[in-house]
Amino acid sequence: QVQLVESGGGLVQAGGSLRLSCAASGIIFRINAMGWYRQAPGKQRELVASITSGGRTDYTDSVKGRFTISRDNAKNTVYLQMNSVKSEDTAVYYCNADIRRNIVGPTTRYWGQGTQVTVSA
């Protein structure tokens with residue numbers, strides 16, 4: 001089995017910072033892209049940021065210049081550094097990872113359980 005475990009969510013004041021982590025564990029041959037999504041109450045889940053195995057990143061426009069995605073391939077971990085947070089960043093944040101479990105098997109997208117981020121005014 002493969003598990004993605006997130007940590008680092010919580011309550012933060014507007015303008016502050018928060019760092020989310022997501023560690024993958026289990027039988028893993030290779031991790032391709034990793035990413036962070038979020039879902040606010042009453043809204044659809046949206047992609048926040050993604051990073052390829054080679055380190056190429058992509059961000060949704062609303063977080064560009066404020067959030068930074070990174071990964072540590074040795075630790076099978078992806079991070080989301082959130083700076084200058086705003087009330088509209090309040091949401092449940094989910095990480096995902098495209099994982100191949102062996103050399104001949106398929107690549108499957110796995111999801112974390114979600115971590116709440118609440119930004120107070």
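**View 1. Phe67 is found in strand E7.** Strands here (E, at least two residues) and helices (H or I, at least four) are DSSP runs, numbered from the N terminus. This is a predicted model, in which local features need pLDDT of at least 70 and side-chain atom pairs count only at pLDDT 80 or more, while totals for chains, interfaces and linings use all residues. Residues are numbered from 1 along each chain as its sequence is written, and side-chain values use heavy atoms, with hydrogens and water left out.

Is Phe67 buried or exposed? Phe67 counts as buried, because its relative accessibility is 2%; buried means under 20% relative accessible area, exposed over 50%, and partly exposed in between (1.4 Å probe, protein chains only).

**View 2. Here are the neighbours of Phe67.** Leaving aside residues up to four places away in sequence, Phe67 touches Arg38, Val48, Tyr59, Leu80, Gln81, Met82, Asn83, Val85, Asp89 and Tyr93. A contact means heavy atoms within 4.5 Å. Take Val48: it sits 19 residues from Phe67 along the chain, and their C-alpha atoms are separated by 8.8 Å.

**View 3. Now over to Tyr93 and what it touches.** Again not counting residues up to four places away in sequence, Tyr93 touches Glu6, Leu20, Trp36, Tyr37, Arg38, Val48, Phe67, Leu80, Met82, Gly114, Thr115 and Val117.

**View 4. The largest nonpolar core has 29 residues.** Such a core is a set of buried Ala, Val, Leu, Ile, Met, Phe, Trp, Tyr and Cys residues joined through side-chain atoms within 4.5 Å. Which members touch the most others? They are Leu4, Trp36, Leu80 and Tyr93. Elements giving two or more residues to this core include strand E1 (2-7), strand E4 (30-39), strand E7 (67-72) and strand E8 (77-82). Strand E9 provides the largest share, 5 residues.

**View 5. Stepping back, the protein has 11 strands and 0 helices.** With a radius of gyration of 14 Å, close to the 14 Å that the globule rule gives for 121 residues, the protein is therefore as compact as a globular protein of that length. That radius is taken over C-alpha atoms, and the rule is 2.2 Å times the number of residues to the power 0.38. Buried residues make up 39% of the 121. Among contacts between residues at least 6 apart in sequence, 56% join residues at least 24 apart.
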